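Keep the structure open beside you as you read.

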Amino acid sequence: MTTNNTPQQVAVVEAAARGESMVVEARAGSGKTYTARQIAKALADKKVLYVAFNKSTQVEASKTFPKNVTCSTIHSLAWNVGSTYRPRMTKPMGTAARTKPWEVTRKLGIRGLEIGGVELSDNQVLRIATAAVARFARSGDSEITRYHISRQNGLEDDHDELVQFILPIARKVWDDIKSGHVQNVQGEHYIKIWALSQPKLAYDVIIFDEAQDANGAFAKVVEDQAARGVQVIAIGDSAQAINSWNGAIDSLTKFAHMFGHSYPLSKSFRFGSAVAAEGNVFLRLLGVPEDTLLKGFEQITSKVEALDSPDAVLCRTNAGCVTVAMRYIGEGKKVAIVGGGDAIRKLAEASVQLKSGVKVTHPDLFAFRSWEEVQQYVQEDEGADLRPFVKIIDDLGADVIIDAMNHLADTRYADIIVSTAHKSKGLEWHTVAVHSDFVAPKANEDGSLKPIPKDLLMLLYVTVTRAQLVLDNSALGWVQDYIVAA
């Protein structure tokens, strides 16, 4: 170890050298990849696997990690299975053309149905079934069950009937995917097939990066390796476990109980003490141990103050992104939305169709016969997630939103970057403003504070820790009430 390492990094590397399987709670900007590299150097006599969450991290790690380390993504590990399905994969991975939904429904004998007064087409039934297969593929489960079938907007009261119809179809689709006959095979499919084969990874040590974002299928594989005596070092930030909607599970918490060893990396090299203090507000509300709270980098002077023109504005919802983008476009600025505006534009286009009396296929709106039904639906608790977008369609007009999404700038050339908090994870900017669509939970009937949901606390923690130099969190003034109450 060199004198550049923090005492916490020294403790982590020494524990790894002792052969401990452990969890490393690495807070935002705390140098987790650097620490993983130091661990690998200390295990020079071991055969080490470093599992990166995405390809770009894996490629970069391959350039800097020592020669005893194999740097891989989950997809690469499963490719010995995946390659056998290449003829059924679409380009660029495979050789097949994308199979049209009508071909799949015809060849698999999938038919539509009427449920809750709503007619589902063959293609809509297939979409719900394939979504269930995808949810299963990302899980640690061994078979498809009713748990994997998502509730559909407008059909919540008819969910049991929907499950009864969809479940055997989902199982049929999965059987076809495994056989590789009709349905296209995706990465998550062959990873699941590989995981179900109970693979044995030929390594002494596994360094599992971004463990809080791994899905249940791969987490189960790593768990099985640990049970075989492989040393596992799971690195990540359990307070950034915001991707459960996409099948991610918080493996860090699970592994901490399994291994009995957990070490913090709490000093951030991304920002100074002022931003660290804002991040700690949400870590404390999450109840994390004091020794894992953020510490700012003394060489960076961060500030928390109002910004007129931030580098990035972070929102809770897509509707918030539209609001912010429209504002800055109106000021003549070049605006980019992280991930692009396709999803927003498609939903706006579907609203235009619905208003004109055309039945839509959009997965968020297909169960509705009119825009008025959508407006009524979002007033109920079940429609809360769709409510902000319906409001902005009604306030601004779908055509205006579609036009704005068609004229977004590339992120490389934008004056302002707009993002949902979810998509901002892993990114950072010098100056960041938080948008006002992060709102307080409704109070209880007696006026007392209703607890902030855990997933919102984690999202807020991710949001404020994207800033390096200046954070404008004036939209979060309501959080002060919770600090006082705590």
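Which elements do the buried residues of α17 pack against? They pack against α13, β11 (335–337), α14 (342–355) and α16, where packing is judged by contact, meaning heavy atoms within 4.5 Å. Before we go on, please note that this is a predicted model, in which local features need pLDDT of at least 70, side-chain atom pairs count only at pLDDT 80 or more, and totals for chains, interfaces and linings use all residues. Residues are numbered from 1 along each chain as its sequence is written, and side-chain values use heavy atoms, with hydrogens and water left out.

Helix α17 spans residues 398–405, and its buried residues are Ala 398, Ile 401, Ile 402, Ala 404 and Met 405. Because these residues cover an arc of only 160 degrees around the axis, they lie on the same side of α17; the arc is that of the directions from the helix axis to the C-beta atoms. Buried here means under 20% relative accessible area, exposed means over 50%, and partly exposed is in between (1.4 Å probe, protein chains only). Helices (H or I, at least four residues) and strands (E, at least two) are DSSP runs, numbered from the N terminus.

The axes of α13 (residues 318–330) and α16 (residues 387–396) come within 8 Å and cross at roughly 35 degrees. These axes are lines fitted to C-alpha atoms, for helices over the stretch in contact, with angles running from 0 to 180 degrees between N-to-C directions. On the α13 side, the contact is made by Ala 319, Val 322, Thr 323 and Met 326, and α16 brings Pro 388, Phe 389, Ile 392 and Leu 396. By class, that contact has seven nonpolar residues, one polar and no charged ones.

Now for the charged pairs. A search of the whole structure finds 23 salt bridges, each a side-chain nitrogen of Lys or Arg within 4 Å of a carboxyl oxygen of Asp or Glu. One of them joins Arg 270 and Glu 428, at 2.8 Å from N to O. This pair links distant parts of the chain, 158 residues apart: Arg 270 sits in the loop between β8 (262–265) and α12 (273–286), and Glu 428 in the loop between α18 (421–424) and β13 (429–434). Arg 270 is buried, at 12% relative accessible area, whereas Glu 428 is partly exposed at 39%.

Notes. Ala, Val, Leu, Ile, Met, Phe, Trp, Tyr, Cys and Pro count as nonpolar, Asp, Glu, Lys and Arg as charged, and the others, Gly among them, as polar.
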